[in-house]
Every structure is written in structure tokens, then in C-alpha cells.
Amino acid sequence: MNKKEMESELGFLVSVLIICADITATVLGIEAEIAQSKQPHHAHQQHSRHTRCGRKPSSGAFAEGVAAMVLLSIVHVTANVLGGCTYIRSKQDFTRATANKILAVALLVLSWMFFAVSYSTLMLATLANSRSNRFCSLPHRWFFLVGGIFCFGHGLVTSGYYVSAIAAKKEDRENVQPANTSRA
């Protein structure tokens, strides 16, 4: 197996792992929403430390929310480190950029948007299910579900970013090598 075939297979493997990890985060978010909705509400006459909230937080939803956020963060950092920072600095860079580089930059921006939405909604829902009364006023309805759905979108966009960034790097290497050999 030559170097190009190994790079191609490694790129495919990383892309599949990104999607699978984000699908797992999606499932965790949906399961957390289900666990949260199964949690009974307190009656007004009951005396417990959660009566101000009107509901009892779900430890299962909390744990699944934390796991989804950790998995989402690992995937995002891994894809950004392995894909590298693809950027276009000027209008001249933009006119000279290949389609893969433009796509990589656009998907990188989208990836950060999906990450911000999914992480923040998962964080709000997770904090609403913490044992602390400080967070009982946070909105919690449907946030695990929304965060989970955005995790899935994040997986698709981030996988596309990784593939296009690797392709752009490969094109940049191929464009630089002929220029160096022509000078010699």
C-alpha cells in the first residue's frame, strides 16, 4: 500500500469516526430529553429542596448531557486539529483559491456555528438538570433534542470540512512542488 492510498484510507476513517461520534452525541441528547421528560413533577405541598423549581432534575439526563457535550467537544477539536486551520486572508487569496479551499473555509465557519448552537443548548439543558437550585429557572424544554439534532448537523458539516481541508492541503502541496522544481 503506497502513501497516497494510506492517506486516502485514513481520511475516510477519520471522516467516518467524526460522523459516528456526533451521531452518538445526537443519541445521547435524545436519550437525555427522554429521561428528562420522564422525571415526575413535584406536587406543591411536598417539601423538598427542589420545590422552587416545580420539578425534580434528572440525574440520567444530566449525565447524558455531559457525555454529549464532551463527545461533541472532542470531535470538534480533533477535526480542527487534523484538518488544520484553513483560511483566506485577502480578496487575492480568494480569487486564487481552489474550490476545495473555499469549501473548507465555508464548512469551517458552519462547523463553528453548529458547534456553538449544539454546545450551548446542551449546556442549558444539562445545567437545568443539575442538582443546584441556581439553575432551576433555566429553560429546559426540548433543549436536549435541539442540541442533539445540531450535533448530527455538526457531524455532517465537520466531516465535510475535514475532507475538503485535506483535499485543499493536497492541492496546495501539488501546486507548490512544480513551482519549486521549475526553479532548479
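**View 1. Cysteine 20 and cysteine 151 in the predicted model.** Cysteine 20 is partly exposed, with a relative accessible area of 41%, whereas cysteine 151 is buried at 0% relative accessibility; here buried means under 20% relative accessible area, exposed over 50% and partly exposed in between, with a 1.4 Å probe and protein chains only. The structure holds 0 disulfides, a disulfide being a pair of cysteine sulfur atoms within 2.5 Å. Because this is a predicted model, local features need pLDDT of at least 70 and side-chain atom pairs count only at pLDDT 80 or more, while totals for chains, interfaces and linings use all residues. Residues are numbered from 1 along each chain as its sequence is written, and side-chain values use heavy atoms, with hydrogens and water left out.

**View 2. The fold as a whole.** The protein has 5 helices and 0 strands, arranged along the sequence in the pattern α-α-α-α-α; helices (H or I, at least four residues) and strands (E, at least two) are DSSP runs, numbered from the N terminus. Of its 184 residues, 35% count as buried. Among contacts with a separation of 6 or more, 78% come from residues 24 or more positions apart, where contact means heavy atoms within 4.5 Å.

**View 3. The packing of helix α2 against helix α4.** Helix α2 (residues 59–83) and helix α4 (residues 99–128) pack at an angle of about 165 degrees, and their axes are 9 Å apart; the axes are lines fitted to C-alpha atoms, for helices over the stretch in contact, and angles run from 0 to 180 degrees between N-to-C directions. The two helices are therefore roughly antiparallel to each other, a class that takes angles over 145 degrees, with those under 35 roughly parallel, 65 to 115 roughly perpendicular and the rest oblique. The crossing of α2 and α4 is left-handed, that is, the near helix is turned anticlockwise from the far one by less than a right angle, clockwise being right-handed. On the α2 side the contact includes Phe62, Met69, Leu72 and His76, and on the α4 side Leu108, Ser111, Trp112 and Phe115 are among the residues involved. By class, this contact of α2 with α4 has 11 nonpolar, 7 polar and no charged residues, with Ala, Val, Leu, Ile, Met, Phe, Trp, Tyr, Cys and Pro counted as nonpolar, Asp, Glu, Lys and Arg as charged, and the others, Gly among them, as polar.

**View 4. Serine 111 in helix α4.** Serine 111 lies in helix α4 and is buried, with a relative accessible area of 1%. Leaving out residues up to four places away in sequence, serine 111 touches His76, His154, Val157 and Thr158. The C-alpha atoms of serine 111 and tyrosine 161 are 7.6 Å apart, although the two residues are 50 residues apart in sequence.

**View 5. Glycine 84 in the loop between α2 and α3.** Glycine 84 is found in the loop that joins α2 to α3 (91–96), where a relative accessible area of 14% makes it buried. Apart from neighbours within four places in sequence, glycine 84 is in contact with Ala79, Tyr161 and Lys169. Isoleucine 166 is 82 residues away from glycine 84 in sequence and 8.3 Å away in space, C-alpha to C-alpha.

**View 6. Phenylalanine 143 in helix α5.** Phenylalanine 143 belongs to helix α5 (residues 143–183) and is partly exposed at 22% relative accessibility. Beyond residues up to four places away in sequence, phenylalanine 143 touches Glu33, Thr121, Leu124 and Ala125.
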